[in-house]
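Subject: Structure handover

Dear colleague,

I am passing on to you the structure that we spoke about, with the sequence alongside.

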Amino acid sequence: MQANLHRRIGIGRRPVIIVIALVALGAGGYAISRAFRKEAPPPVVVVPNTAQPRQSVPVPPIPFTDVTKSAGIAFTHQSGNSGVKLLPETMGGGVAVLDYDGDGKPDILFINSGWWPGELSKAPAPTLALYRNKGDGTFEDVTSDTGLGAPMYGMGVAVGDFDNDGRPDVFVSCVGRHHLFRNVDGKRFMDVTAEAGVGGAGEIPMVSRDEFLKWKPPIPFGSSATFVDYDNDGRLDLFVCHYVTWSPAIDLSISSTQEGLSRSFNRPQQFEGAQATLYRNVDGKRFEDVSSTAGVQVFQQEGTSATDRKRAAGKCLGVIVCDPDEDGWPDLLVANDSVRNFFFSNQPGPNGTRVFKEIGESRGAAYADEGRPRAGMGIDWGEFASRRPAVVVTNFATEPLTFLEVTKSKDNKPLFADSAVTVGLSYPSRAALKFGTVFMDADNDGRLDLLVCNGHIEPEIAKIQATQQHAQPAQLYWNTGNKACFYEPVTAAQAGEDLFKPMVGRGCAYLDYDGDGDLDVILVANGGPARLLRNDSPKDNHSLRLDLRGNGKTGNRSAIGATVEVEANGQVIRRMVTGARGYLSQSELIVHVGLGKADHADKVMVRWPGQSAAKTWENLSAGRVHVLTQE
């Protein structure tokens, strides 16, 4: 049977789009099952290439070395593979960087999934894995000692000091009941989910395997999450993404078999959507669900009549805290899979409250350049050039990265426009199935590079598409600073082979685990071992590292939402302290700024959340971490 296939072939800086056929592959927005229907191929449509080819820009050496084993990290993600391909089994997992014990060295928390009911007798039961940084280049597994050894079907993670006691707490989004862990004295974690009221509305039923596979009531399917002080009251609130309305019976009721192949993972279009949840921090101990009143529930009416059913419009996988309108109130951008992306604009509400209004379509954030939904996975935000912020969204195979650059309208409102082609990301990013992503300055030249973690959702994809593989190499794009094309793909010639070894990639994060002033990388695999890659770039460039600490009264202690402006050697660099970023993951909260050849920053200005005036520090030296405290 003839498989249908959409392909886009890029020439120069503008892609020539050749529609060969229709593909549908798995959870990334296309179903493999449809690829085997006998359908007449659509006509070939060719879009002329009007752009001029560009010269490639030489990339400096940015070598990364796999130090996973020597660093003592032995985490392997368990997907809970049931043999019947339930959708959650191909979507995890995440990773977070945090200094849980306050010793100034970043620790690593890996999020695990686990066995389904009826298989929990398998030993050992998968759990989270917390690795403490010993400060000598190695880590030790302290999961059991810190109280994080409880089994759960984990997906995403968010880190923030929700009780303002100076220690980072941890939220884990799950299939089933979510979990909130309070950091106690920097030594152990206590599960305070029930008291805090953030577990969500549903659990995985503890039944036999056969009963579980027949279970019809929806089970919450959490994905990415982030802490954010959306009302600027000094207490961190919590935003939790949910993917689709899911249960084993719903999943297995959908036919996804192909001739000669086993069952494939279903696509998100075959499921109802789900609503994100916003929990408002009431008093540093308890949260209240304000999703409806605060405007983060988005509905789509099925027909034109007022009586037609409304359904959840979102299929959320990634979320990032940002401030595109620069008004000091944190906004949220959400990556959705197979439906439009959301831009939640933070606006005044009744009686002095704050609410979100979803305005992605009117502001250009909902779609990429072709004006249709893509299969959004991970998301990040950053200023890739001076005063040029953008949001990047990872998408399914055959879809390029979405790179929404932000400009301002005449009334000073943010406008988003996809510039993936002009910045050089469209063609080289198209083939891979992209999940995790982070903006990071890999070579300390002051410009944000881009890391993407890749891996297919379908283990048998190579039987269907010879050009695709289950395990795929990560990608690193170097920021050239050249307006003709800002991003250049980094190859093994510049970064070494270790970074590009194929894996079924999902979450990723950055940190400076060895304290040498450059950013190292963590890559997480679905159903496989995680990797720690040490950045061994030449030390020609310097960096400035800023540990921002809110006062816990007018500003949250984690300083999430704070903006930083660094002046060094005539260059102005802007960064924002966000919560989680990418896909199911969170990088270190320390603000890392490459200074190039400058050995100090002339001036550092910090605008704390909820404050219009900036605090200024001068002559901060490179090569160290500076603790900047809100008064």
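A pocket, as the word is used here, is an open set of grid points with protein on both sides within 12 Å along at least five of seven lines, and its lining residues are those that have an atom within 4 Å of a point. Please keep in mind throughout that this is a predicted model.

In that sense, the second largest pocket is lined by 36 residues, and those nearest its centre are Glu383, Thr563, Arg574, Arg575 and Met576. The space within this pocket comes to about 770 Å³, and its lining divides into 17 nonpolar, 7 polar and 12 charged residues. Among the elements that give two or more residues to this lining are β22 (379-385), β34 (563-568), β35 (571-576) and β26.

Strand β26 also belongs to an open sheet of 4 strands, in the order β26-β27-β28-β29, where the pairing is antiparallel. The edge strands, β26 (434-440) and β29 (487-489), each pair on one side only, and neighbouring strands of the sheet are turned by 25° against each other on average, direction ignored. Within the sheet, β27 (residues 449-454) and β28 (residues 475-479) are joined by 3 bridges, and valine 452 has glutamine 475 in β28 as its bridge partner.

Turning to charged side chains, the count of salt bridges comes to 40. One of them joins arginine 340 to glutamate 361, with the closest N and O atoms 3.8 Å apart; this pair links distant parts of the chain, since arginine 340 sits in the loop between β19 (331-336) and β20 (342-348) while glutamate 361 sits in helix α4 (residues 360-363), 21 residues apart. Arginine 340 has a relative accessible area of 12% and is therefore buried, the cut-off for buried being under 20%, whereas glutamate 361, at 48%, counts as partly exposed.

A further salt bridge brings together glutamate 631 and lysine 615, at 3.1 Å from N to O. Because glutamate 631 lies in the segment after β39 (625-629) and lysine 615 in strand β38 (residues 615-621), the pair ties together parts that are 16 residues apart in sequence. Glutamate 631 is exposed, with a relative accessible area of 74%, while lysine 615 is partly exposed at 31%.

Finally, a network of salt bridges links Asp369, Glu370, Arg372, Arg374, Glu399 and Asp418.

With kind regards

Definitions and conventions
Residues numbered from 1 in each chain as written. Predicted model: local features only at pLDDT ≥ 70, side-chain atom pairs only at ≥ 80, totals over all residues. Heavy atoms only, no water. Pairing = 2+ DSSP bridges. Axes fitted to C-alpha atoms, helices over the stretch in contact; angles between N-to-C directions. 1 Å grid on protein atoms, 1.4 Å probe; cavity = no way out; pocket = protein on both sides within 12 Å on 5 of 7 lines; lining within 4 Å. Points joined across faces, edges and corners; volume = space filled by probe spheres on them. Nonpolar A, V, L, I, M, F, W, Y, C, P; charged D, E, K, R; others polar. Salt bridge = Lys/Arg side-chain N within 4 Å of Asp/Glu carboxyl O. Buried < 20%, exposed > 50% of the residue type's maximum accessible area, 1.4 Å probe, protein only.
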